[in-house]
Amino acid sequence: MIRFLVFRFSQAALTIFGVVSLVFFLQRLTGDPVALLLPETATEDDIKVMREVMGLDQPVWSQYANFLFDTFKLDFGFSFVRNAPVSEIITSRIPETLELAIGALAFSMVCGFPLGLIMAFTARRQVSKWLMAFVLACQSLPTFWSGIVMILVFGVWLQWLPTSGTGSLSHLIMPSISLGLLSLATYARMTRTAVLEELEKDYIRSARARGVRGARLVRKHLLRNSLVPIVSISAIEVSQLLAGAVVVETVFAWPGLGLLTMQSIAARDFAVVQIIVLLGSFITVSANLISDLLYSIIDPRIRL
Amino acid sequence: MEYLKEATFILRREIAQFWPYLFLVIFIVMAILSPWISPFDPDRQHLLARLKAPGFEVNGGVFWLGSDELGRDVLSRVIYGARISVFVAFLSVIFSGVAGTALGMLAGHHRGWFEQILMRLVDVFLSIPAILLAILLVAILGPGIVNVILVLSLSRWPRYARVAHAQTLSLANREFVVISNAMGATTLHVLRTHIFPNIFNQILVIATLEFGLMVLFEAGLSFLGLGVQPPAASWGSMLSTGRNYVSTAWWISTFPGVGLFILVLSANTIGERVGGLPKYGGTES
């Protein structure tokens, strides 16, 4: 167990280190950021001063070392475009994106689990095929299009829901559904597979022979045993949702991290973009780690 | 009557089997023949016939799917959009698939430091959420159709590499590989004649699923303004402008969306089906 933990943690740390390096060197390829930051009227001296402020006059390797060191200290640098520390800009947007991610996750779980259960129990019937087609459709719907269609139907025609912005719970509904559709498909399919696998086991058969049926069979026997793969993908789904937020937030003008990414790219504010990418991959790596650990916690039979 | 019943039954079954292939073929034909089958030049503006509803008659033809904010025919733009989607997705899948498979097989065959470095690099690439990686790369390289293909290939090769690596490792101890190595066959020979044919099926399944994903990614990048640049007709950028007119001209964003949805659904369905066959490592019959 300890050996496995040490191995997994060092692997995760190595990956994060790789991402930090990749982001640094990719950013070097973009050329001189100073030219973009200063107005056209800037003099040679201005440019020189700016380069010194940003540390660009030092050799690449020492810049790299500084970047690594700063990132390690959680000092994410300064956005000259917005004239504020990057960490401040990003933390101000996190709650919005978190709200959206939670909404989407709740939606996808609440709809995905029952759908998967129904698909598993009706596996040999036509209903299951139709549901599977529905799930596949959810998987193939482009987020931005489903968002636009929902805006058209519920926002413009029926006028039930606000089309953009944030504030109340009704603002959250459409972005959550649009973002959650893909996860819904994942949950439904995982649940279906896991439950189908459990349904074939002896203990279920004997429970059924004793006359246990329906909700009681699911609640008392099935759920806990088929939960392992389902819970462990939740961690990974969360990181998927955060990436999907880029598009959904743009569609619904939701002022979270995704919209910040797009605004920063439009303003060529790489200081912010690179940290968002780092944050995204940090969340993905941690999510993978957590899902591995969850496996062994939920199911004591799995030894690490 | 009996015959008729049976015929309809068979027909229905066959349609259920083949619709994704049918749609895929339709889109590919649309992509290849777009200059000849589209009723209008997709960039030709009819400034007096802007934002017209589907079926509007204009001198020289009919806007079957309406016109956009510059009076361009939506149907022609959807047809040309299919061309960009299919073209970009196809090339990205080819490039990333070939590069990823080759690197993965090499890493699996030639263990040691090359394997270590490559597979850690794969970990790094796969740990950056795909759309963020693509956005970052586009932001660096700049938008445009060539760069989109480059970016998609650069960000998707690790998926093939990981599978090719694992599959190659699982074959490494089989007799035909061991003997071939012992007889002094070159790496190229072993990989080409012994490893590749045996892992091709798995790679094909990934490639089919990736095709749908690449269509989505191209549209997503174009939607965000980072992909194919106007005035070129990409479904993503049509959706993006259509969004501004969604309350007055629903057709601008609806039809490219339908095209996108059907193309991706077809690719995903085929991928699912092929991946489910026992021959390709699945369990469903």
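The structure is a predicted model, in which local features need pLDDT of at least 70 and side-chain atom pairs count only at pLDDT 80 or more, while totals for chains, interfaces and linings use all residues. Residues are numbered from 1 along each chain as its sequence is written, and chains are lettered from A and ligands numbered from 1 in the order in which they are written.

Chain A contains twelve helices and two strands (DSSP runs numbered from the N terminus, with H or I over at least four residues for helices and E over at least two for strands). Their order along the sequence is α-α-α-α-β-β-α-α-α-α-α-α-α-α. The C-alpha atoms of chain A fill a box of roughly 85 × 60 × 30 Å along the principal axes. Of its 304 residues, 36% are buried, a residue being buried if 20 or more other C-beta atoms, placed from the backbone, lie within 10 Å of its own.

In chain B, helix H2 (residues 74–109) has 36 residues and reaches 51 Å from its first C-alpha to its last. This is close to the 52 Å expected at 1.5 Å a residue, the expected span being 1.5 Å times one less than the number of residues. H2(B) is mostly covered, with 28 of its 36 residues buried.

The contact between the chains takes 36 residues from chain A and 33 residues from chain B, where two residues are in contact if their C-beta atoms, placed from the backbone, lie within 7 Å. On the side of chain B that touches chain A, H9(B) gives the largest share, ten residues.

Key
Buried ≥ 20, exposed ≤ 12 C-beta atoms within 10 Å, placed from the backbone.
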